[in-house]
Every structure is written in C-alpha cells, then in structure tokens.
Amino acid sequence: MWGTGVQHPAGHGFVQGKVVTKEKIQEAKEVYREHFQDDVFNETGWNYILEKYDGHLPIEVKAVPEGSVIPRGNVLFTVENTDPECYWLTNWIETILVQTWYPITVATNSREQKKILAKYLLETSGSLTGLEYKLHDFGYRGVSSQETAGIGASAHLVNFKGTDTVAGIGLIKRYYGTKDPVPGFSVPAAEHSTITAWGKDHEKDAFRHIVTQFSSVPVSVVSDSYDIYNACEKIWGEDLRSLIESRSADAPLIIRPDSGDPLDTVLKVLEILGKKFPLHENSRGYKVLPPYIRVIQGDGVDINTLQEIVEGMKKHKWSIENIAFGSGGALLQKLTRDLLNCSFKCSYVVTNGLGVNVFKDPVADPNKRSKKGRLSLHRTPTNEFVTLEEGKGDLEEYGPDLLCTVFKNGKITACYSFDDVRSNAGLKNRELEEEIQ
C-alpha cells in the first residue's frame, strides 16, 4: 500500500524548494573529503544546480495517488532527472525516498489487520459499526524517535481513527489537513501508576475515583496491576457494579488487561464479566456484554495474535462488538524494509543519446531481479494492476498510466488531503467478500 510520498516531511524538508546553498555545498565538500579521504564530492554538479536552478532539484517524481492499495511487486513511483547534466542526481535522493518504506509498511500492516477485524466483526455482529476504532495505536513509547512516531502514527490513521500517538495528529494537520478538527481520537485512560499510587489495598478506591471523574465519556481502566480476574469479578462485578451499570452506552467502562496470554486472558475476562453483568445474544447468535462495559486488549497484539484472539472469541460465541485492541511496537516499530521488499533501482539510462533499458539479475537470488526500462502502472480489463516495463505503457491498449507527476523541479505538483488518502485506502466490498469466504 502506497502510504506516503513527497507531501510528507521528507518531501517538504529535503527536496522541496531551494535545498542547495553555497553553505551546504561547502560543508558537504569538507565532510566528504574527511569521510572518504579523497576529493570525491561532486562540487561542480551541485554548483551547477545552485546557479542554473537556484538550488531547486531538477528531477521529476511520478507516483500513484497516496493511499492507493497496490499489490507488492509493482512500481509505486519513478524518478527522472529533467536536465541531462544532472544524470547523477537521481541516486542522490534514493535514500530519502526509499524511506517511504516505513509508512507504506505501517499502513499496509494496519490495513491487513483492519481486514481481519472487518471479517470477524461482520461475522459475529452483522455490522461494521465501530470498525475504525477497533485497533488503537499504543506505539508512541515503542518507536525510535519523535519523527518516527509522527510518520508511523499518521500511516496507521489512514485506516483507523484511534490513536494515543499524538505526534501523528500534528503531522497530518501540518502536511495534509482533514475535514475533521483532528484525524485521530482517544479517551481518558488510567495507566498502572494511577492505580498503584493508591496502594494495593486501595485498588477499588482508585477504580471508583477514575470512573467517577470521567462519568460522561468512555474511560479505559487498566485492571491487572495485581489480579485482573479478581478485579473483574469482585471489584468491577460486585463492589462497583451499580456504578458501572449507571453509565451510558456512549460512556462505557473499558477494562484493560495488560498481561498474560492474550487469548486466554481475553476469554477468561469475558467469561467473568458475562457472569457478573447481563448478557444478550445478538442477531448472529453471539454473546454481547451490556453497552456500558467493554474490553480493550493492548498487550502482545500483532497481526498474528489479533487473528488468534478474534478466532478464539468467535469459537466461544463472543461477538467482536465486545472488544477493541491496542498495538504498540508491533504496529509502529517491529517492521523492516524487507517485509514488503521495498527497493529503488536504476531501470533506464540515456548514453550518447541512446536510451538503454537496464536491470539487475543476480544469479544467486532470482527474487532480486529488477524491472527494466521506463516503467508505468496500469489496470487490466479484470481490474488488476500491472507494471509495464521497457516503456510499453505508451501503447494505447494498456490505458492511462496511473503514475502522475507529484514533484517537478523543486515543486510539489500534486497534493492530497488526508481524507483523500483515507478514501483511496478504504476497504472495498470485494475484499470483504474475499475475507468472509
């Protein structure tokens, strides 16, 4: 999934506008001489860009619209120099553009989990109501930097609206904009110190204080500081039961276990709560807790455990209406560029006026064979995507190239609102039908 591009901070900060100056050239010259112990820096080339283009990069980037869901192995963007004198420039921006692997991978991973949740929510409730809040971003503390937090959180928000990583909200508001005041939401939530600070003997008092303070909005209370099962059965299910029953469907108590085997813990918590609070059976025959109480599982959640939990709940006749999930490091950090094989390779050169299709084809690893020639992306008559090599996309039979110019000679030429990105990434009916089958 193409999750971000030159419109993101990389584009604004490193390639847009006047990015080449005398000071930068001089600094780079000195660093390169020390680093390589030789004069390898292309000072002439950079001075040429500074003098002829006032420091604007003479390149053109074509890309699919942000949020597009494209099968792995297809071209997502191409880069060409717009001045023959700057043939060397395309490789200089490889690293910064390949870093789009990160939001692409976060957005793809997040969207695949959305497909799983949609499937089980439909099967166990007959509706997709609440889907966009079923996977909450808990990853702020688990990433490597503030910048990573902002980019990763915004990629997740392409698919969902729940987040505790507020860095993503600021990034989206700055670079994209949304029709809503903010692109992501959260609820008041306890964490362990707000429980343990009361002391072990006063856990019930801590719970009562928190739900009383936030009586008219949803509130999440971590309940495993000591004994999650006792908390569900005795404190929530008996001592504070009347207080919980007085809450509305718009302001439920959300109980958060945070330890133990994820599936076993979720099932045991649901069974305890199902005995303490009145259950009802929905139209699909699955058990649903009263609307004033819900569960959020935020420990050990990744795409695999998520699948295990929702499958286990279905087998035990629990509707996915009862639960939401939080994911941290597995959502934003436990990913690499190799997961989706994102790479940037030279495919076409012009030498002495003659265009040449180039590619790599390592004998020891056929999977690393790269595409050759000028590339374009098209839809087939069966609505599939196909990447055409060697400039064959110019033939009318393949229809228009889906890659459009988004950056040229220092200027961003195509912008998308975050609502556009979300719309492009939305689950299609065909995908839901495939998931349910």
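The legends below describe close-up views of a predicted model. Residues are numbered from 1 along each chain as its sequence is written, and side-chain values use heavy atoms, with hydrogens and water left out. Because the model is predicted, local features need pLDDT of at least 70 and side-chain atom pairs count only at pLDDT 80 or more, whereas totals for chains, interfaces and linings use all residues.

**View 1. Strand 5 and its two partner strands.** Strand 5 covers residues 253-256; strands (E, at least two residues) and helices (H or I, at least four) are DSSP runs numbered from the N terminus. Strand 5 pairs in the parallel sense with strand 4 (residues 219-222) over four bridges, and also in the parallel sense with strand 8 (residues 293-297) over three bridges, where pairing requires that DSSP finds at least two bridges between two strands. Ser 220 has Ile 254 as its bridge partner in strand 5, while Ile 255 stands opposite Val 295 in strand 8. In a regular strand the side chains alternate between the two faces of the sheet. Both faces of strand 5 are covered, with Leu 253 and Ile 255 buried on one side and Ile 254 and Arg 256 buried on the other; buried means under 20% relative accessible area with a 1.4 Å probe, protein chains only.

**View 2. Val 221 in the largest nonpolar core.** Of the 107 residues in this core, Val 221 and Trp 236 touch the most other members; such a core is a set of buried Ala, Val, Leu, Ile, Met, Phe, Trp, Tyr and Cys residues joined through side-chain atoms within 4.5 Å. The largest share of the core, ten residues, comes from helix 6 (residues 101-125). Leaving aside residues up to four places away in sequence, Val 221 touches residues including Trp 236, Leu 253, Ile 254, Ile 255 and Arg 256, with contact meaning heavy atoms within 4.5 Å.

View 3. Four strands form an open sheet in the order 2-1-14-15, with antiparallel pairing. Strand 2 (77-81) and strand 15 (411-412) stand at the edges with a single partner strand each, so one side of each is left without a neighbour in the sheet. Strand 1 (residues 59-63) pairs with strand 2 in the antiparallel sense over five bridges, and the bridge partner of Glu 60 in strand 2 is Glu 80.

Conventions:
Buried < 20%, exposed > 50% of the residue type's maximum accessible area, 1.4 Å probe, protein only.
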